[in-house]
Amino acid sequence: MNAAAPALTPTPRALAWCLHLLVIGLLALAAGRAVTGDRPHAGSIVAAAAACGAVYAVGPVLPGVRRSRRAAALWLAAVGACWLVLLALTPDAVWVAFPLYFLQLHLLPRRAGGAAVTATAAAAVAGFAAHQHSFSPAMAIGPALGAAVAVAVVWGYQALYRESERRRRLIEELTATRADLAAAQHTAGVLAERDRLAREIHDTLAQGLSSIQLLLRAAERALPHAPQNAARHVEQARQAAVDNLAEARRFVAALTPPALEGTTLAGALERLCATTSARHRLTARLHLTGAPAPLATAHEVALLRIAQSALANTVHHAEATTADVTLGYRGDHVALDVVDDGRGFDPAGLPVPDPEAGGFGLAAMRARAHALGGTLTVVSAPGHGTALTARLPLTPPPETETETEPEPEPEPESVPEPEPEPEPEPEPEPEPEPESVPEPEPAPQPEARP
């Protein structure tokens, strides 16, 4: 029925029209029987039936009946009064009580609706008994049974509707929650990718650019007095730029670092030590211990990047003369140690990383190790050098496989070909940065220095 307040249980339009037709049909039946049966007061019966139909027809049209329970109750009272007049004139009006039950249960609150249905059933029984001039229990069965059916149908429909609404709200909440979860997962993925990109850029492009800067600065100083040395520095800077460009291209294409292409991790570390020794006043040596074991690409990339960052820190902050890089296979894990004889620093006193001053190296190295289920430790003290150790399990948990792909074939213990040793550099190395800020820059680095 459309004549309902917004808080009422909605009903399909088809049911509302069926109820309208039922009321009009029963009123027409009462009027028709009065006319065709030559009953007394036939004109009054027809008039009462028409009045009842007119009052009923007003309800669906008036907006107040749809929005207010009070207006709906007044309308029902008017319809009920007309029906009582008709019931007093003809027993055929008893049948109109049945649609009235549905209207009362639908438009009135539960208690008021139940009371109205009871009163309507009692009036129907009493009116029919008055017309028959007698009363028997059988007379009460029809109206009472109709009232019971109406109550069961309406209250059952309302219960089903409430359950349907509850499920609809749950589905909406679930949909919203899934959308929130998808957004959170997307955000987490974006942040994780940003973190990965930051580590890659710091350990490759930034370190390479820093190395080029140092070489060009050395060439600038050597140019007035030793042009040959300056030319050598410029050539080394050019080669560093070529390597960095290859690194950037592979990085964009998400391929294996070029340092690992066609060689083993040990070979890549050997070349790293040779290149560092050739370009800077630092003697970097590689040592292998234990029986080599196959490593996943993720492990090789992480260990190479950590070695690059550690050696870059040594070059830029340690003022060291030697750095020993040790790759050790120790049963269930692989370890990378980078030890130098530099000036050392206090690991507890490192400044907070800053976009201008740097200092992201140690954090990036530690994040790489933790992403593969490993650890990174730094032992250092002012004036006593620095020792950095990265340990990775040989069989990492599946969720730790971050930047990689299938495991490479077991690496043969082949000694990588060192690059030609450059002549000793006569020029002084670029002055160390004023503070030992742990800001790993491009070049390979054995330790994370302040």
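In the predicted model, His333 is buried, with a relative accessible area of 12%. This residue belongs to strand 3, which spans residues 333–340. The side chain of His333 is joined to that of Arg391 by a polar contact of 3.2 Å. When neighbours within four places in sequence are set aside, the contacts of His333 comprise Gly328, Arg391, Leu392, Pro393 and Leu394.

His280 lies in the loop that runs between helix 9 (265–279) and strand 1 (283–289). Its relative accessibility is 5%, and His280 therefore counts as buried, the cut-off being under 20%. The side chain of His280 forms a polar contact of 3.3 Å with the side chain of Ser211.

At the level of the whole chain, 11 helices and 5 strands are present. The protein chain has 450 residues, of which 44% count as buried. Among contacts between residues at least 6 apart in sequence, 76% join residues that are at least 24 apart.

Helix 5 (residues 97–107) illustrates burial within the helical part of the model. Of its 11 residues, 9 are buried, so helix 5 is largely enclosed by the rest of the structure. The buried residues are Ala97, Pro99, Leu100, Tyr101, Leu103, Gln104, Leu105, His106 and Leu107. These residues pack against helix 1 (13–36), helix 2 (42–61), helix 4, helix 6 (110–132) and helix 7.

The crossing of helix 4 with helix 5 is left-handed. On the helix 4 side, the contact is made by Arg69, Ala72, Trp75, Leu76, Val79 and Trp83, and on the helix 5 side by Ala97, Leu100, Leu103, Gln104 and Leu107. By class, this contact has 9 nonpolar residues, 1 polar residue and 1 charged residue. An α-helix has 3.6 residues a turn, so residues three or four places apart point the same way. In helix 5, the contacting residues Ala97, Leu100, Leu103, Gln104 and Leu107 are also listed among the buried residues of that helix.

Helix 2, one of the elements against which the buried residues of helix 5 pack, contains Ala49. With a relative accessible area of 6%, Ala49 is buried. Ala49 and Ala28 are 21 residues apart in sequence, and their C-alpha atoms are 7.2 Å apart in space. Not counting residues up to four places away in sequence, Ala49 touches Leu27, Ala31 and Leu86.

A further helix pair is formed by helix 7 (residues 137–222) and helix 10 (residues 297–318), whose axes come within 10 Å and cross at roughly 35°. The crossing of helix 7 and helix 10 is left-handed. Helix 7 contributes Glu200, His202, Asp203, Thr204, Gln207, Ser210 and Leu214 to the contact, and these residues meet Val301, Arg305, Gln308, Ser309, Ala312, Val315 and His316 of helix 10. This contact divides into 4 nonpolar, 7 polar and 3 charged residues. In the contact of helix 4 with helix 5, the corresponding numbers are 9 nonpolar, 1 polar and 1 charged.

Helix 10 also holds Asn313. The relative accessibility of Asn313 is 0%, and this residue therefore counts as buried. The C-alpha atom of Asn313 is separated by 7.9 Å from that of Gly361, which is 48 residues away along the chain.

Two residues other than glycine adopt positive phi values in loops. Phi of His133 is near 60°, and His133 is found in the loop between helix 6 and helix 7. At 74% relative accessibility, His133 counts as exposed. Phi of Glu319 is near 55°, also a positive value in a residue other than glycine. Glu319 occupies the loop between helix 10 and strand 2 (322–330) and is partly exposed, with a relative accessible area of 47%.

Terms used
Residues are numbered from 1 along each chain as its sequence is written. This is a predicted model: local features need pLDDT of at least 70, side-chain atom pairs count only at pLDDT 80 or more; totals for chains, interfaces and linings use all residues. Side-chain values use heavy atoms; hydrogens and water are left out. Axes are lines fitted to C-alpha atoms, for helices over the stretch in contact, and angles run from 0 to 180 degrees between N-to-C directions. Helices (H or I, at least four residues) and strands (E, at least two) are DSSP runs, numbered from the N terminus. A crossing is left-handed if the near helix is turned anticlockwise from the far one by less than a right angle, and right-handed if clockwise. Contact means heavy atoms within 4.5 Å. Ala, Val, Leu, Ile, Met, Phe, Trp, Tyr, Cys and Pro count as nonpolar, Asp, Glu, Lys and Arg as charged, and the others, Gly among them, as polar. Buried means under 20% relative accessible area, exposed over 50%, partly exposed in between (1.4 Å probe, protein chains only). A polar contact is a pair of N or O atoms within 3.5 Å; within protein, one must be able to donate a hydrogen and the other to accept it, and residues adjacent in sequence count only if both atoms are side-chain atoms.
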